[in-house]
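Dear colleague,

Please find below the structure that I am handing over to you. My notes on it follow.

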Amino acid sequence: MSASFKAPPLTEKEFQQQVTELAEILGWAWAHFRPAQTAHGWRTPVSGSLGAGFPDLILCRPGKTLFAELKRDGVKATIAQEIVHAQLREAGNDVRVWRPADWDAVVACLNGEVR
């Protein structure tokens with residue numbers, strides 16, 4: 001009798017590591033602003049109207065800047081994130097929401113293919 005094993009779903013942190021490692025391999029520079037735990041819970045020290053829903057990653061390479069919001073499979077962006085994403089898009093920026101299930105689209109995008 002053979003058992004069937006399914007890998008556990010990726011955490012957002014694990015998925016982010018995969019995305020940033022691929023980005024580096026493909027020549028992208030990137031930034032992520034990490035939250036820190038305070039007496040009042042987790043906080044990311046950022047100010048301004050874009051702060052509350054700012055995407056997880058900023059990726060750039062010559063001629064291209066990309067904002068990426070990373071989510072676990074089945075998790076949606078918050079309303080604050082959707083508002084910020086819309087503002088960034090209205091300003092002419094490329095904003096993506098990626099989940100582990102979107103891996104082929106992530107690879108295509110970072111390779112410069114349109115998806």
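Which pattern does the chain follow when read along the sequence? The chain runs α-β-β-β-β-β-α-β-α, with 3 helices and 6 strands. Helices (H or I, at least four residues) and strands (E, at least two) are DSSP runs, numbered from the N terminus.

This is a predicted model, in which local features need pLDDT of at least 70 and side-chain atom pairs count only at pLDDT 80 or more, while totals for chains, interfaces and linings use all residues. Residues are numbered from 1 along each chain as its sequence is written, and side-chain values use heavy atoms, with hydrogens and water left out.

Along the principal axes, the C-alpha atoms fill a box of roughly 60 × 40 × 25 Å. The chain has 115 residues, of which 29% count as buried (under 20% relative accessible area, with a 1.4 Å probe and protein chains only). Among contacts (heavy atoms within 4.5 Å) between residues at least 6 apart in sequence, 65% join residues at least 24 apart.

The lining of the largest pocket comprises 21 residues, and His32, Phe33, Arg34, Pro35 and Asp56 lie nearest the pocket centre. A pocket here is an open set of points on a 1 Å grid over the protein atoms alone, where a 1.4 Å probe fits, with protein on both sides within 12 Å along at least five of seven lines; lining residues have an atom within 4 Å of a point. Helix H1 (residues 12-25) supplies the largest share of this lining, 5 residues.

Yours sincerely

Key. Buried < 20%, exposed > 50% of the residue type's maximum accessible area, 1.4 Å probe, protein only.
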